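The following note sets out points for a colleague examining this model.

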Amino acid sequence: TPAGLHQKTASAKAIGLVELATPAEVITGKVTARAVTPEGVQAKIDKEIEYVPVVLFDSSEDVKSGSHDLRLHIPAPLNGYDLVSVYGAHDVASSTDGAVAVTTIQIHNLTDTVDVLSTELTIDEGELTSATAAAAAVINAFNDDVATGDIYRFDVDTVSNSDGTSVPKGLTLWLGFQNPA
């Protein structure tokens with residue numbers, strides 16, 4: 001080791017010693033003065049959430065209740081991942097008359113014959129998204145894992161407007177999958 005090297009800190013422009021970030025530090029991204037290893041990069045990639053958009057009704061269509069014909073076939077890159085988030089949005093909200101009316105959606109894994117949500121995704125009357133729903137969707141921890149070839153079906157269990165004059169238009173879901181490793 002060259003004399004005095006232990007006192008020098010490496011940078012993009014200076015030769016010196018480098019301290020390596022742990023995988024946990026890479027995931028949080030809070031340590032900026034350490035070098036990243038391939039193991040740390042892989043750990044960060046594994047913790048990223050992969051979002052899959054699912055358009056059930058386009059922006060010009062009235063949302064209707066029932067099992068939707070669209071199916072999501074889980075691809076190989078998501079094998080072993082867990083469903084960790086679900087979000088829904090209308091393109092046009094239903095009108096609001098002060099009474100409670102909601103759109104409720106269940107995700108059903110046809111392959112495993114189980115409902116994925118223990119509390120359905122809801123979009124409240126007059127709202128565009130599920131972000132402010134009175135009851136947040138809850139993913140069933142026993143039914144959240146997916147395997148290559150699993151098939152998801154989407155059930156719009158209720159779509160209502162208490163005044164009967166306006167139903168929402170368009171419905172897109174975003175499903176977030178994450179490697180549990």
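**Note on the predicted model**

1. Along the sequence, the protein follows the pattern α-α-β-β-β-β-β-β-β-β-β-β. There are thus two helices and ten strands, where helices (H or I, at least four residues) and strands (E, at least two) are DSSP runs numbered from the N terminus.

2. On sources: this is a predicted model, in which local features need pLDDT of at least 70 and side-chain atom pairs count only at pLDDT 80 or more, whereas totals for chains, interfaces and linings use all residues. Residues are numbered from 1 along each chain as its sequence is written, and side-chain values use heavy atoms, with hydrogens and water left out.

3. The protein has 181 residues, of which 36% count as buried; buried means under 20% relative accessible area, exposed over 50%, and partly exposed in between (1.4 Å probe, protein chains only). The accessible surface comes to about 10100 Å², and 56% of this belongs to carbon and sulfur atoms; areas are from the Shrake-Rupley method with a 1.4 Å probe, and for residues only the protein chains shown count as cover. Among contacts between residues at least 6 apart in sequence, 72% join residues at least 24 apart, a contact being heavy atoms within 4.5 Å.

4. An open sheet of three strands has the order 1-10-3, with antiparallel pairing. Its edge strands are strand 1 (49–62) and strand 3 (82–89), each of which pairs on one side only. From one strand to the next the twist averages 15°, with axes fitted as lines to C-alpha atoms and angles running from 0 to 180 degrees between N-to-C directions.

5. Strand 10 is mostly covered, with seven of its ten residues buried.

6. Two aromatic pairs are found in a search of the whole structure. Rings of Phe, Tyr and Trp (its six-membered ring) pair if their centres lie within 6.5 Å; planes under 30 degrees apart count as stacked, over 60 as edge-to-face and the rest as tilted. The rings of Tyr87 and Trp174 have centres 5.6 Å apart and planes at 55°, so this pair is tilted. Because Tyr87 lies in strand 3 and Trp174 in strand 10, the pair ties together parts that are 87 residues apart in sequence. Tyr87 is partly exposed at 32% relative accessible area, and Trp174 is partly exposed at 30%.

7. The rings of Tyr152 and Phe177 have centres 6.4 Å apart and planes at 40°, so this pair is tilted. With Tyr152 in strand 9 (residues 151–159) and Phe177 in strand 10, the pair ties together parts 25 residues apart in sequence. Tyr152 is buried, at 0% relative accessible area, and Phe177 is buried, at 0%.

8. Leaving aside neighbours within four places in sequence, Thr103 is in contact with residues including Val63, His90, Leu121 and Val156.

Note on methods: Pairing = 2+ DSSP bridges.
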